[in-house]
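Please find below a colleague's note on this model, arranged as numbered points.

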Amino acid sequence: MNPQTEPNRGAEARLGQEQADDLAAELRAIVGENGVVARATELRVYECDGWTIERRAPQLLALPRTTAEVSAVLRTLYRRGIAFVPRGAGTGLSGGCLPLYAPVMVCTSRMNRIIAIDIASRRVEVESGVVNINVSNAVKAAGYFYAPDPSSQVACTIGGNIAENSGGPHTLKYGVTTNHVMGVELVAPDGEIVELGGAAEERVGYDLTGAVVGAEGTVGIVTRATLKLTREPEARRTLLAVFADVDSATRAVSATIAAGIVPGAIEMMDRLIIRAVEDAFAVGLPRDAGAVLIIEIDGLEAAMADHAEAIARIAREAGASEVRVARDEAERTLLWKARKRAFGAVGRLAPNYATQDGVVPRTRLPDILRVISGLSEKFGLAIGNVFHAGDGNIHPIVLYDERDPDQVRRAIEVGREILRACVAMGGSLTGEHGIGVEKQAEMPLIFSPDDLIAMAELRRVFDPAERSNPGKVIPRPGACVEVAAPHRQVAL
Amino acid sequence: MSEIREDPAAIAKAIDALIGSGRVRTPRGRETLAARVIAEPRTSAEVSELVRMCEADRIALAAMGAARTLASIRREPAALGVAMTTMARVLAYEPDDMTVSVEAGITLGALNSRVGERRQQLALDPPGPDVTTIGAVVAAAQSGPLRLSEGTPRDLLIGVRFVGHDARLISSGGRVVKNVAGYDLMKVMTGSFGTLGIIVEATFKLRPMAEGYTIVMARFTSAAEAFAAARAALEALTPLHLEVVSPGVATMLGYPDSFLVIAGIAGVEREIQWQCERLAALLGNRVSVVTGFEASGLYARIRDLDFAAAALAAKLSVIPAELGACLERCAVEFCAHAGSGVAEITIEREMDAGEAAATIARWRTIAHAARGNLRIVSAASALRGAFQMFDDPAPGALALMHRLKASFDPAGIFNPRCFVGGI
């Protein structure tokens, strides 16, 4: 048995014009005139997400406003045997919402209401099109926040976060999306509305909410979610530690965590990135450093001084030439600005860059960075590193020029080599960006055919006809995507 | 399709031929409620062999550690019990990565004594760590007081390996703490009560042990006051765990006749001292502070509170703010994990089956009204037939669960007919 059947088994991949017009009319009756986009020029906007190597616009886009509308849309598509791709804000980085094998896209962006906030129980119920940051903004005055903080949080939706099981810098301490989603309302691919999980912590029966999170939109469309809220820490300290090389910086990361301190975030930047950031924004990073760590601790004010002191001592023991503690909010903001603007700064160094997402056990960080440095030399392409060091989640940035086809080829190959090295070190293909279409071909590096079959069986529990985002995640038999150009230029 | 086979002697003989003599035995003590014959495989390959045989011959099998969960949920013993305690190795411990991979039969206590040498822990604390196996912790999604700050098995399990249908050895996740490659079978297996396959290995992220630990305790005359105080503590501090217990349970802990709020505080000395002071300011002169060995002893007594001997015991889970009111309405003795909205509840009084069924129906109504659920964790054998151990999932969800079961266990051999909806 092949885990992945050919996409669009029994479903239309491309609609004839007459069929498309007819469907558009039926969908308009459900979601209204302005709830359907059918014009090719307007559909161009939806031709890719943050994975821009492949582009394909849907033939029709539906923008439902309610669960009932989503259900009616999916029922219609199911009856007509048409596959669909769910989409939130399109900020994904692995082609998760690329409509390669389905003609219709269903976008949840108009379902953006926060339905109920329950501070006493630390729960919030939202529609899936709510933008991530808006959840935190809605509960900020009460002293709470929604913990998963992907760098796209000002744009990405909760539905998209659920599909990708999104992370972010502060997930080191607080966990990723799946740790904060208590329950979902899911519209199954046949249009049936199903409640999974709920507001209570203990679950009844199988943890299907946990199966939906991270399923990359292949199990239907999540229309609502009950999320856990986290209390804002009383205090924070943000430290900058400067090292001669990445080896000593990674030693400091491991030693910090081994000492019993779990910081809110530990981010690393290497020399290439430090210089790019300094050239672009002059935030005061030492240009001759081999690596810097931004370490943020949070918790009770009473513990901050002791923890900051301990981290500074550990960093110095690991070889830090300098440890600075941000003295106020302005200095803290500046440090985070340096981290978050790193990608923009890199944009000045080369016409194009491609970011990779891999994971290694934390202790293997020096090894993987050495491998990356070797690959950089071997392939003749500069590679910068700015990443979530605390959980071993690397984001190498490969610089290239897309006008030179040979550079493009080398950039693709170096990305694959990096992933293979991660796997060889006991790591994983992706820490937070997902498999999508980008890494399907690499899945057999970490999963056996039996593993993939079990995953396919789980997917078909929700979507037996494979109508929801067909042809994703699990490698397709004999049809590996030919990656053309590594165009990814999105901040992480 | 033939009937599921039940003949213990024939099953024992077949196992003997399959994995060798000496690996099959009769059940002892509590195990007699769980299974009729017990096999003791040593490797995943042997577990696969057993599954292959059971699928071919349609023999119901159930994985077990100490057989406590199984004995409490099965109405009749499974034809074959697969004792996992003979598979109890630590496969990989990486202290600097703070991850550990183990075979499913190792006890939580053995795992934690190993990683404790490096001042690390698997931060899950169900009762009886020295008999509770990792397989049981995952399969029954067991947790304890630490769930408030560290989460439950679903939050700490980063990789799983199980033997599924067709005797296939299936892995999901990995050995890194952040990983979104592929579907999350860890979540599906966690809390599946052995109905989808036999878990043979698990990988967890570990947590550092805090420098110090202290308990701050306060006595109250009413549940309402106690829960209000717990809520205030939760707002002002970051407790490691936070329990509210009823007078009967307080008596079991050695503090008779009042509702107790018990807050476990961990961290560096200054942090602990500051939190103790703040709690004293919040709760007034009813506060007492327990430190050192006395604190760790009290923590172990809270963790190990076991209502299994009670006529009736259940786990109630509701939205956290409603927990206190629900418990008052249930009129039970309880140990409540206040911040999590979860409580173990019990009733000591003798009752007949009809009264037990009515009591449970009333508890369930109370739980559902607070958007929660109730699971019976133990009942006297005379009462067993009168009610379901698990709540019913919502109809749409239950239909998906039946499909999952049919897909992962087409022969219907994995611990059948004791989970939700007759699964």
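1. Burial is judged here by counting: a residue is buried if 20 or more other C-beta atoms lie within 10 Å of its own, exposed if 12 or fewer, and partly exposed in between, with the C-beta atoms placed from the backbone. By that count Arg417(B) is partly exposed, because 13 other C-beta atoms lie within 10 Å. Arg417(B) belongs to the segment after α15 of chain B, where helices (H or I, at least four residues) and strands (E, at least two) are DSSP runs numbered from the N terminus.

2. The model is a predicted one, in which local features need pLDDT of at least 70 and side-chain atom pairs count only at pLDDT 80 or more, whereas totals for chains, interfaces and linings use all residues. Residues are numbered from 1 along each chain as its sequence is written, while chains are lettered from A and ligands numbered from 1 in the order in which they are written.

3. On backbone geometry, most residues other than glycine have a negative phi. Which values do Arg417(B) and Ala141(B) take? Arg417(B) has a positive phi near 60°, and Ala141(B) has a positive phi near 45°. Ala141(B) sits in the loop between α5 (134-139) and α6 (147-150) of chain B, and Ala141(B) counts as buried because it has 21 C-beta neighbours inside 10 Å.

4. Between the chains, 73 residues of chain A are in contact with 67 residues of chain B, a contact being a pair of residues whose C-beta atoms, placed from the backbone, lie within 7 Å. On the side of chain A that touches chain B, at least two residues each come from β9 (193-197), α7 (208-212), α8 (246-258), α10 (301-317) and α15. The most is given by α15(A), with 10 residues. That side of chain A divides into 32 nonpolar, 22 polar and 19 charged residues, where Ala, Val, Leu, Ile, Met, Phe, Trp, Tyr, Cys and Pro count as nonpolar, Asp, Glu, Lys and Arg as charged, and the others, Gly among them, as polar.

5. Helix α15 (residues 449-462) of chain A meets helix α15 (residues 395-408) of chain B, their axes coming within 9 Å and crossing at roughly 150°; the axes are lines fitted to C-alpha atoms, for helices over the stretch in contact, and angles run from 0 to 180 degrees between N-to-C directions. That angle makes α15(A) roughly antiparallel to α15(B), a label used for angles over 145 degrees. The crossing is right-handed, that is, the near helix is turned clockwise from the far one by less than a right angle. Glu457(A), Arg460(A), Val461(A) and Phe462(A) make the contact from α15(A), and Leu400(B), Arg403(B), Leu404(B), Ser407(B) and Phe408(B) make it from α15(B).

6. Within chain B, helix α9 (residues 223-236) and helix α13 (residues 323-330) pack at an angle of about 160°, with their axes 9 Å apart, and that makes α9(B) roughly antiparallel to α13(B). The crossing of α9(B) past α13(B) is right-handed. Ala223(B), Ala224(B) and Phe227(B) of α9(B) touch Leu323(B), Gly324(B), Leu327(B) and Glu328(B) of α13(B), and this contact has 5 nonpolar, 1 polar and 1 charged residues.

7. Ala343(B), in strand β18 (residues 342-347) of chain B, is buried because it has 26 C-beta neighbours inside 10 Å. Not counting residues up to four places away in sequence, Ala343(B) touches Leu316(B), Leu323(B), Leu327(B), Phe334(B), Cys335(B), Ala336(B) and His337(B).

8. Thr177(A) lies in the loop between α6 (171-174) and β8 (181-187) of chain A, and Thr178(A) is placed in the loop between α6 and β8 of chain A. Thr177(A) counts as buried because it has 28 C-beta neighbours inside 10 Å, and Thr178(A) is buried with 24 other C-beta atoms within 10 Å. Beyond four places in sequence, the contacts of Thr178(A) are Asn165(A), Gly210(A), Val213(A), Gly214(A) and Asp184(B).

Conventions
Parallel < 35°, antiparallel > 145°, perpendicular 65-115°, else oblique. Contact = placed C-beta atoms within 7 Å.
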